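Colleague: I'm new to reading models like this one. Could you take me through a few features, with the general idea before each case?

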Amino acid sequence: MKSSFSLGKVKGIQLEVNISWFVIFGLVTFTLATSYFPQNYPDWDPVLYWFLGSTIALLLFASVLLHELAHSLVSASQGIPVSKISLFIFGGLAQIEKEPDEPGKELKIAIVGPATSILLYVLFMFLAKIVAFFAISEVAVVLLTYVADVNLVLAIFNMVPAFPLDGGRVLRALIWYFKGNLQNATKIASLMGSIFGYFLIFIGILGVLTGLVINGIWFIFIGWFINQASQSSYEQMVMSDIFNKIHVSEFMSENIMLVDSHLSVQELVDNYFYKYRFASFPVGKNDEVIGIIDRNSIMNIPREAWSQTAVSNIIVPLQDNLIVSPDDTVTVAMTKLFSNGIGRVLVMDQTRLRGIVSRTDILNYIRIHSQLNQEK
Ligand SMILES: [Zn+2]
């Protein structure tokens, strides 16, 4: 089952609605139509309650979309592309493809979201005042004021300095700017995120204990979500730090076996694949590396032909996405080994073969790194 639906594209940014959003849409409509409006405007027509409830839910949706779109457009203008915006359970998420490389960029990208919400608050409030002034419709005034207020709440909530909320990003950008250390800034901002998360959970529990069960559960849920998100964004940041700072030479396998290209496939299978159980081997001709051979290429050759076929006939010849230099980063190696169809890259120092990197090498390195860092 598909978990999201596409709404189309704006300036190359894919807009998606996660199915969880429909649940929220239903909940918001239901709560407004069955409790908020009947309590506050008891003599209105029940049909009107449902109309107002669903219209507000839709306008809320449009507001969140504009908020996220603002983040995305500013991000793109700062040279950080955004592939898509997913609208999901708590609003939206602009999938910004990488972390900003300067605090100034992060500040602009973060702050424009709440700024948009404030702008929407002013706009809806203004419309409400006009409609009220000309006494056009009481219902419209109520509707516009409600949407305005929700945008104000959205702006204030997002400006709480708790990472990964927008305010937390602003805080991070400021610490980053003044102290010059992104990782440390992320650590502090994430800690604030965790604290805020626990605070909301605490308020939620108080709510539940004092009879405000539904509101309490909401607070617990949102608090838990922010808490999780702040921790995982910190881990992600540490991870991307590994990816961009660690060089291939630090985790490549150096025990390499160069297969002679004159060998037959049969010899290759008997003397290499069975014996050493690697999934692929670099192939050389007079000690010069000419390509790579993996099990899949052998599976395309009928078994009867194995002893007549030379390895050189079925190698994958050396090409850019099979080679990294010892100074390349994990990111470069990952990008190549996930795209070249072999799952490995050769580490070459000019023409000299220095090592080989597989997915397992990278995963093991990350595992060891995170284990050792946890114990500090
Ligand atoms: Zn935002």
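Modeller: Let's start with burial: a residue is buried if 20 or more other C-beta atoms, placed from the backbone, lie within 10 Å of its own, exposed if 12 or fewer do, and partly exposed in between. Helices (H or I, at least four residues) and strands (E, at least two) are DSSP runs, numbered from the N terminus. Keep in mind that this is a predicted model, where local features need pLDDT of at least 70 and side-chain atom pairs count only at pLDDT 80 or more, while totals for chains, interfaces and linings use all residues. Residues are numbered from 1 along each chain as its sequence is written.

Colleague: Okay, which residues of α4 are buried?

Modeller: An α-helix has 3.6 residues a turn, so residues three or four places apart point the same way. In α4, the buried ones include V142, L143, Y146, V147, V150, L154 and N158. Among the elements covering them are α2 (46-77), α3 (103-133) and α5 (166-179), where contact means C-beta atoms, placed from the backbone, within 7 Å.

Colleague: Now sheets. What is the strand order in the open sheet of four strands?

Modeller: Strands of a sheet pair through backbone hydrogen bonds, either parallel or antiparallel. Here we call two strands paired if DSSP finds at least two bridges between them. The order is β5-β6-β7-β8, with mixed pairing. β5 (259-260) and β8 (316-317) are at the edges with a single partner strand each, so one side of each has no neighbour in the sheet. Strands β6 (residues 280-285) and β7 (residues 288-294) are antiparallel over six bridges, and S280 sits opposite D294.

Colleague: Last one: which residues have the most contacts inside the largest nonpolar core?

Modeller: In soluble globular proteins, nonpolar side chains tend to be buried together. A nonpolar core is a set of buried Ala, Val, Leu, Ile, Met, Phe, Trp, Tyr and Cys residues joined through C-beta atoms within 7 Å. The largest one has 30 residues, and A162, M192 and I226 have the most contacts inside it. Its largest share, six residues, comes from α6. Domain 1 (1-159) and domain 2 (171-244), with bounds from an automatic or database assignment, both give residues to this core, so it lies between them.

Key. Contact = placed C-beta atoms within 7 Å.
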